[in-house]
Amino acid sequence: MLTKSKIHQFTERVIKDSDADMTTVSIAGEKEALTRFSNNEITQNVDSIRYTFSIRCVYGDRVGVVSGTSLDFKNIKRFLETAKQIALNQRTGKKIYPLFEPQQYKTCKGYDKGTEDVTPQTRADMVKSAVKLCAKEKMSAAGIMSNAAMLYAIANSKGLFAINENSNATFSITAQTKNSSGWAEDSQTSIKKLNVMKDAEVAVKKAKLSKNPKSAEPGKYTVILEPAAVADILSFLSYTVFNGLRFAEGRTFLSGKMGERVADARINLYDDPFVDGIGGIPFDMEGFPKKRLTLIEKGVFREIPTDRKVAEMLKLENNGHSLGADDEWGPLPLNLRLETGKSTVDEMIKSTKKGILVTQFHYVNILDPMKTLVTGMTRNGIFLVENGTVKHGLKNLRFTQSIMDALMNTEMVGDRAIVQSGGFGGGFSVPAMKVRDFHFTSKTEF
Amino acid sequence: MFKLGNLAIETAKHYGADYADIRIIETKNEDLNVRNGKVSADYSQTLGFGVRVLYRGSWGFASSDTLTMEEVKKVSKEAVLIAKASNTLQAAKVRWAKEDSYKDHWFTPALKNPFRIPLEQKLDLMLKIDEILRKKPEIRVSTVEMSFQNIRKWFVNSQGSEILQDLMRSGAGYSVTSVGNNDMQVRSYPASFGGQYYSGGYEIVEQMELLQNAERVREEAIELLTADECEEKVSDVIIGGSQMVLQIHESVGHATELDRVLGYEANYAGTSFATLEKYKKFKYGSPIVNLFADSTIPLGLATHGYDDDGVKAQRWDIVKNGVLSGYMTNRELAHKINDTRSRGCSRSQGFSSIPIIRIANLSLAPGEWELDDLIKDTKNGVFMDTNKSWSIDQMRLNFQFGCEIGYEIKNGKKGRMLKNCSYQDITPEFWGKCDAICNENHWDLWGVINCGKGQPGQRAEMSHGSSPARFRKVHIGIGNKKR
């Protein structure tokens, strides 16, 4: 990736060459290498570096935004001229907030140089060892081994300059038999923390255990959701109930409920970019310092993300969650952290008379944002739990469930969280959960 | 550009590549957005290249956004090194289907270059629409969008092809969010999630009747707040054209991507129930169901001269008289169904992404019914349209889709408006329940601009043509109150 000084030089040059009243430059860069495998062989192997820059020029109350990919100084004047034309060709203006002065930020840990520089041969060797284990069990393996580095920088004509770097190594594997599959994934800031053999073993074990699955009838069940399954549904809360603008406009489940009990008392949910490995950025997309938020405390709704516009609407402080000066989507919590509880997954299973253990969900989508009603399928390992033990694999089921109802019906929270970066400031940290009355609404054939 | 392209090919061959291709891609986008009267205008331009090589039957790919001779050489060498690493875990060599070499310049027919239409003219139209949409207090959010894209793509391969394609697409649409009665509802026009898109110029936007429909759409959004909820039950449904797009896309398009069928997407997007032993035998739907892929169809978002493997555009059957009859293929996998030539479905998001199999323009052939006659012929049912939500399992069997709006049909008459409409079924069972399809008077192509697939993730665009169709005894209103 480019060095901090090269990024700084580019932003300084843009600001120097601009004749706008206000100029802001942001740069997102990603170096990503990924080895993909299926049917026990490498099928795709790619390496790319991408930069995207965005220039925002304000003339009076008119704004022009341009973006491009090449950080070449010779393009700057052309882009600035286009931004000016866009701004000056608008007949109506809008409210313009002043640019922020230089700020102080806390540090987000999450960059490892060695992870950025992993070679294709190292990735191939890691994949080979995992595939060998699956092949030995007569299973077909598919997955990825990737390493990436990401940077995000913002600078403005008031002298603000902020930059943050993250790295990520991910290994993901699906082991498949004729009628079952098992899955495991690990995502870390450093490749040294990955254990691909352990992941392969988990995937193989799940595939073995779910062989010859039986059908379960749709209905309400107690479910034990492994962390990946929790992440699959909890992530929807970010843009539905915790979108600051939607909240202010009365368009979320939580509108008008601040200070009210909205979840079981075991639920403590934060927006926390400072968790190691979550991929957080300590500032928002206007360069304002990001504050850690307590969204739900002991089941009570406490805080909502704001930017300047939403803060004004709600008469709250700006807590640094802007998605950009001209954003119309609304400030979001990008780093949801569900606080761990005290229970292991084994204890959840042992305490369950009849229930379903879920590895992960697939293709979850929102049906009714006001009710937080989502639907999706189970995937890669779903098991019947009876009288405290895992009995056998089940054919996959579709659920149609309100997420906030699930948080209210939570009976146990896991003692270990997975932490995963979603790239460019996004990511989450969630443990397993045991939830009663989880609604499965139809079944499928495998 | 072709000079740089040939330099990449020579370099890759020098380092041992058996096959190489390069795509140099320049992309221009203009995205305009008016939300509650506030304008956002974003113009972007990208330029770069991706080099793909085969070394002893294994793939390598590398890319860069620096278009110099030195960088082209460096990246081409890097692609070969990556292919050599891939070669250390190879079960079988890639078999690359034959294709003629072409020297050609292909471009999208477009009457009015949208990038030359004054910004003020485009924003004027958007602000007028926005004004109509926000005339009632129940409308909390109005969003009007326009988006234009121009891609210039230079393709060179080691088999002698030199192809330049100039692709243009234009789109527009709007949506309103109404709030009241302890509810929130959304209505969109001409389609949800950004509107309607075609390949072509600004003339497309001018023909959309955007202003003429704004008041109706606003009033529907308000009426939905107090409309009855679609009850959970088993019922006949007539699915409108814009919702059929998602039905075709999710339950036929992805299911017939040959890489999915063969397990290449098993860890991410999933596999498919439409496996090879079913080819040319499996009853995918009722005998009136005919679905065809067509990369040459006018106005399609996946309409082009050549795909990213350098294969010339074609039209072919996917489902013929209800039977599975074809797949989306590329040059690497065509031989798996004993085809000697690829169908030309290899596409990538841009210069930094490797081409993978993507859904082509895929359409349901029109039937014989007038929509009025179809409604008259339906005793009890629900008409649903405009997609709101979608979900389908990893083998493309169990799906559940939500629609923005529905109407009860009773004794052949369209009745009360219904909200929170959804339907769920199993793919071949659902298509087997199709007993009527409206004719060409009701048929249109609908653009999909947000199709995600692959790791690293890639976005692709394609179109699906359909007219409204009727399906018997379908589970609807999932999660709503039962009768």
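Biologist: How many salt bridges are found across the interface of chain A and chain B?
Modeller: The rule finds four salt bridges across that interface. Please note that this is a predicted model.

Biologist: Which residue of chain B does Glu249(A) form a salt bridge with?
Modeller: The partner of Glu249(A) is Arg35(B), and their closest N and O atoms are 3.4 Å apart.

Biologist: Where does the largest share of the side of chain A that touches chain B come from?
Modeller: Strand 2 of chain A, residues 41–59, contributes that share, with 11 residues. By class, this side of chain A holds 32 polar, 25 nonpolar and 20 charged residues.

Biologist: In what sense do strand 2 of chain A and strand 3 of chain B pair?
Modeller: The two strands pair in the parallel sense, over two bridges, and strand 3 of chain B spans residues 58–64. Within that strand, Phe61(B) is the bridge partner of Val46(A).

Biologist: What area is buried between chain A and chain B?
Modeller: About 6400 Å² is buried, and carbon and sulfur atoms give 49% of that area. Three residues, Arg36(A), Glu328(A) and Tyr363(A), supply 10% of what chain A buries against chain B, more than any other three residues. In terms of contact, 77 residues of chain A meet 75 residues of chain B.

Biologist: Turning to chain A by itself, which domains does the assignment give?
Modeller: The assignment gives domain 1, covering 4–206, and domain 2, covering 213–443. The C-alpha centres of these two domains of chain A lie 24 Å apart.

Biologist: How many residues of domain 1 of chain A are in contact with domain 2 of chain A?
Modeller: On the domain 1 side there are 37, in contact with 33 residues of domain 2. The area buried between these domains of chain A is about 3000 Å², with 59% given by carbon and sulfur atoms.

Biologist: Which residues of domain 1 of chain A lose the most area to domain 2 of chain A?
Modeller: They are Tyr97(A), Phe100(A) and Lys206(A), which together account for 22% of what that side buries. Lys206(A) also forms a salt bridge with Glu226(A), with the closest N and O atoms 2.9 Å apart.

Biologist: How many salt bridges are there across the interface of domain 1 and domain 2 of chain A?
Modeller: The rule finds four. The polar contacts between these domains of chain A number 11 residue pairs, both residues being at pLDDT 80 or more.

Biologist: Which strand gives the most to the side of domain 1 of chain A that touches domain 2 of chain A?
Modeller: Strand 5 of chain A does, with six residues.

Technical notes: Residues numbered from 1 in each chain as written. Chains lettered and ligands numbered in written order. Predicted model: local features only at pLDDT ≥ 70, side-chain atom pairs only at ≥ 80, totals over all residues. Heavy atoms only, no water. Contact = heavy atoms within 4.5 Å. Buried area = accessible area lost by both parts, 1.4 Å probe. Salt bridge = Lys/Arg side-chain N within 4 Å of Asp/Glu carboxyl O. Helix = DSSP H or I, 4+ residues; strand = E, 2+ residues; numbered from the N terminus. Nonpolar A, V, L, I, M, F, W, Y, C, P; charged D, E, K, R; others polar. Pairing = 2+ DSSP bridges. Domains from an automatic or database assignment. Polar contact = N/O pair within 3.5 Å; in protein donor to acceptor, adjacent residues only side chain to side chain.
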